Amino acid sequence: MVKPVFWIFYRITRFSARVSRWACRKFTAAGLGVLGGVALLGFLAPDTENNTAYQALALLAGFLVLAFVLSWSFRAKFSVRRILPRFATAGVPFSYPVLVRNLGPRAQQGLWLIERVGAPDPRFSDWLVYQLAEERRVRSFRFDRRRRRGNPFRMARVREAPVPSVRGEMETEVRVTLTPLRRGPLRLEGVTLARPDPLGLMRALHPVPLPQSLLVLPRRYPLPSFRLPGESKYHQGGVALASNVGQSDEFISLRDYRRGDPPRHIHWRSWARAGKPVVKEFEDEFFVRHALALDTCSPDPQSEVFEEAVSVAASFACTVLTRESLLDLLFVGLQTYRFTAGRGLAQADQMLEVLASARPCAARPFGDFARHVLEHAELASGCICVLLAWDEPRREFVRRLRELSVPLRVLVIVEPGGKAKLQTDPACRHADFFVLECGRIERDLGNFQ
């Protein structure tokens, strides 16, 4: 009986959300006030003998009807062009230009531009999993520091932007401010040009389809200055396609310059002949190679702890990655993944793109992730582990890493109030162990060494 009840509740909430979005676009702030007054007076108006509410109801309803009729007088044609950046960052507002061209002969003024963000309604299966996880996380009628989260499926918050007066057959620029709320692909379906009626209660809407998308990268936190322990390790045959720094003096060949190659390896005579940068390539089988292990084994698809874990991993990916070392990002999804960056293989932006698409995986047990990291640990000069909990499987995983004598840093992300519960665990008092609490991540990272 649980699923049919949730289905009914899902349909009601989705319908009310759609009505709310339409009302916010169609009515001005004054119009919403008048609409609320009509709804309130509707309960009082039937008693015509004891009050005069029906007279105010008729007056306000008449204003709304008149505003609705006047809004139909808006007849215009527009073309819109949006100039989006390639990337944005979750939680960081940014602005971009939108070029609006009036295709009609008459000047248009008093317009507002409204962005339409794609996919506001989740599928029932995703919504049900989130609701069940939220019910397990927060108990009703109990005092708990954990609070219910806002709408986790809302991708962005965008402000309405006023459009300057634009004459016929002319173009004007509008600056739109948008705040991405979550990482991942962000789709914009189009824009709506709205003009209030003469009463200022309702707006005529002129939708313009304009599908476009950008990638929202994870939020990053500033990290203090630190140096990961670990020395160069021997890798038989080197690392394919890696940019060689030249720890060995054995010359192999010449190749085209790749971003990150040191200038001292440029072969000037070949550059003069070929007309493009050419560098000398040396055999190099000793590398400083760090591993960044991200725990993705979470049953909650909209987990706040997981989102903070991705942000912490992104912060380390941007800080650790240098031209002189390699960084392997390890996590599990439908399969095990390992992405290597540094020394010409990939840049920090590409690592952030991978993290922007990472999703929690409830289908794979934590043991699969532990085996994946332990198999790679022998190649690593050091390892940073970002974990979503501190339970027995994760204790065993950290214990086995320490037995391999791999320089280690363990960061456990917990919900608000969860840090105090781990202070009594002896394993948490180790120098390489750090507990980061949601809502205080940036402050807790200030103690990282």
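Which residue in strand 19 does Ile-413 stand opposite? Ile-413 stands opposite Leu-436.

The model is predicted: local features need pLDDT of at least 70, side-chain atom pairs count only at pLDDT 80 or more, and totals for chains, interfaces and linings use all residues. Residues are numbered from 1 along each chain as its sequence is written, and side-chain values use heavy atoms, with hydrogens and water left out.

View A. The order is 16-15-14-17-18-19, with mixed pairing. Strands are DSSP runs of E, at least two residues; helices are runs of H or I, at least four. Strand 16 (336–341) and strand 19 (433–437) are at the edges, each with a single partner strand, so one side of each has no neighbour in the sheet. Twist averages 15 degrees from one strand to the next. Strand 18 (residues 408–414) pairs with strand 19 in the parallel sense over five bridges; pairing requires at least two DSSP bridges.

**View B. The largest nonpolar core.** This core has 37 residues. Leu-292, Phe-316, Leu-411 and Ile-413 have the most contacts inside it. Its members are buried nonpolar residues joined through side-chain atoms within 4.5 Å; buried means under 20% relative accessible area with a 1.4 Å probe, protein chains only. Helix 6 (residues 304–320) gives the largest share, ten residues.

**View C. Helix 2 against helix 3.** Helix 2 (residues 29–44) and helix 3 (residues 53–71) pack at about 145 degrees, axes 9 Å apart. Axes are fitted to C-alpha atoms over the stretch in contact, and angles run from 0 to 180 degrees between N-to-C directions. The contact residues divide into eleven nonpolar, three polar and no charged.

Note on methods: Nonpolar A, V, L, I, M, F, W, Y, C, P; charged D, E, K, R; others polar. Buried < 20%, exposed > 50% of the residue type's maximum accessible area, 1.4 Å probe, protein only.
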